[in-house]
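Hi,

Here is the structure I promised to pass on.

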There are 2 protein chains.
Amino acid sequence: MFEEILKHIEELIQLDKTETERFTSILVRKKLRKRQFLIQEGDLVSYEYFVAKGCLKAYEIDDNGDEHIIQFAKENWWISDFKAFFEEGKATLNIDCIEESVVYGIEKQELEKLFLDIPKFDRFFRIKLTSAFVALQNRILSSLDKSSSERYLDFLKAYPNLEQRIPNYMIANYLGVKPESLSRIRKNIARRES
Amino acid sequence: MFEEILKHIEELIQLDKTETERFTSILVRKKLRKRQFLIQEGDLVSYEYFVAKGCLKAYEIDDNGDEHIIQFAKENWWISDFKAFFEEGKATLNIDCIEESVVYGIEKQELEKLFLDIPKFDRFFRIKLTSAFVALQNRILSSLDKSSSERYLDFLKAYPNLEQRIPNYMIANYLGVKPESLSRIRKNIARRES
DNA sequence: CGTCTATTTGAATGTACTCAAAAGCGGTGG
DNA sequence: CCACCGCTTTTGAGTACATTCAAATAGACG
């Protein structure tokens, strides 16, 4: 049942049996079908989610009604509208499923209690948050100094094998280019490789 | 001596006299002149810094030798090469002073001890890290859906009054455009306003 | 098989870029 | 105090790359 998430946690901290049980007791398992919303703009966000199976995307809808994908999440990634989650406010992001997925939700109040009871989790999430922060910094840097075809190649490295599970127009959106442009970028890369 | 940083801390958590003294005892005050490095690529990074006075920039140097500014920090901002700081590794970023500045450094081991002694600080830095994470997400989103002139206006809002203290070519660099382009952007905005 | 969606291709347009040069500004030394 | 120097910003002209719009092709799914 909880193998995936426990394995993920135990890469950073060690848990004994009691702690494991305490932790899994607050997890809420959720099965989602393709295109189903996990979070929709305006929702109160009281959960953050670990992806055990499947693939989701988080995106914003701008004033023109256009979507902008800020994050993909596949197995072993965490996802939520973190701004809303941490500030206990309403979502400005939408999160929905690219594939049928299974996630474990952790409720904010339960998480706070967990931090008090088992401070190791504080450490766990601080490390996770830190590496997420650093990853975002790198993403900004790569948008400053790289061409779109380099950024596409970076994406392939950062999300290995994910390109087979996600339609190109979503990848284009994530990279901030138009599907037509990504198509030409891919054509160029293929030509160079042959 | 420590008014600025204490005021900053006490916006989020309350400290009694003992805690205040415990905290200030680990701070290392540093005066820096204009253009002086706080962190240089390759340095071991064992401090993070609070800016009490002045203004600094953090930047990466790419393979072509070009600089890319990832962050400015003025009074009440925190700055470091956070990747290197948290992983106790070597800096990939450079940080230097745009103006003569005063910063308070906190050493990593001392900070870890502080977390154990006064868990409120854990909370403080978790909140700070979270809002920094959210700010980076917003910055990525704005690079996805906004024109460079909108991003320039966003910058003016995000760093109020800072544009008077930073040369335009650095702002251009931060925004990921050329100084010539920023000049034209500013001309357009001025024309629209008149 | 037909329909709907995704991807590719083409042609014209636009925005930011490069390179080059001129103008503006600030500080220093004569 | 002014002239000069170095650095920053602006302007101009030509170029490169992604975009828009439109249409054709390819794939996925009932």
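**What turned up around the DNA**

Let's start with DNA strand C: α8(A) contributes the most to the surface near it, with 6 residues. Bear in mind that this is a predicted model.

In total, 15 residues surround DNA strand C, and the closest are A:Asn168, A:Tyr169, A:Ser183, B:Ser148 and B:Ser181. The elements giving two or more residues to that surface are α7 (168-175) and α8 (179-193) of chain A, along with α8 (179-193) of chain B. Sorted by class, the surface near DNA strand C has 6 charged, 5 polar and 4 nonpolar residues.

Now for DNA strand D. It has 15 residues around it, of which A:Lys178, A:Ser181, B:Asn168, B:Tyr169 and B:Ser183 come nearest. Here the largest share of the surface, 6 residues, is from α8(B). At least two residues each come from α7 (168-175) and α8 of chain B and from α8 of chain A. The class count near DNA strand D is 4 nonpolar, 5 polar and 6 charged residues.

So how are chain A and chain B related? A rotation of 180° with 0.0 Å of shift along its axis superposes chain A on chain B, with an RMSD of 0.0 Å. The two copies are therefore related as by a two-fold rotation axis. If you want to find that axis in the viewer, go to A:Phe133: its C-alpha is the nearest to the axis in chain A, at 2.7 Å.

One last thing, on how the copies meet: 100% of the interface residues of chain A are also interface residues in chain B, so they meet through the same surface.

Cheers

Terms used. Residues are numbered from 1 along each chain as its sequence is written. Chains are lettered from A and ligands numbered from 1 in the order in which they are written. This is a predicted model: local features need pLDDT of at least 70, side-chain atom pairs count only at pLDDT 80 or more; totals for chains, interfaces and linings use all residues. A residue is near a molecule or strand if its C-beta atom, placed from the backbone, lies within 6 Å of it. Helices (H or I, at least four residues) and strands (E, at least two) are DSSP runs, numbered from the N terminus. Ala, Val, Leu, Ile, Met, Phe, Trp, Tyr, Cys and Pro count as nonpolar, Asp, Glu, Lys and Arg as charged, and the others, Gly among them, as polar. Copies are superposed by least squares on the C-alpha atoms of residues with pLDDT of at least 70 in both. Two residues are in contact if their C-beta atoms, placed from the backbone, lie within 7 Å.
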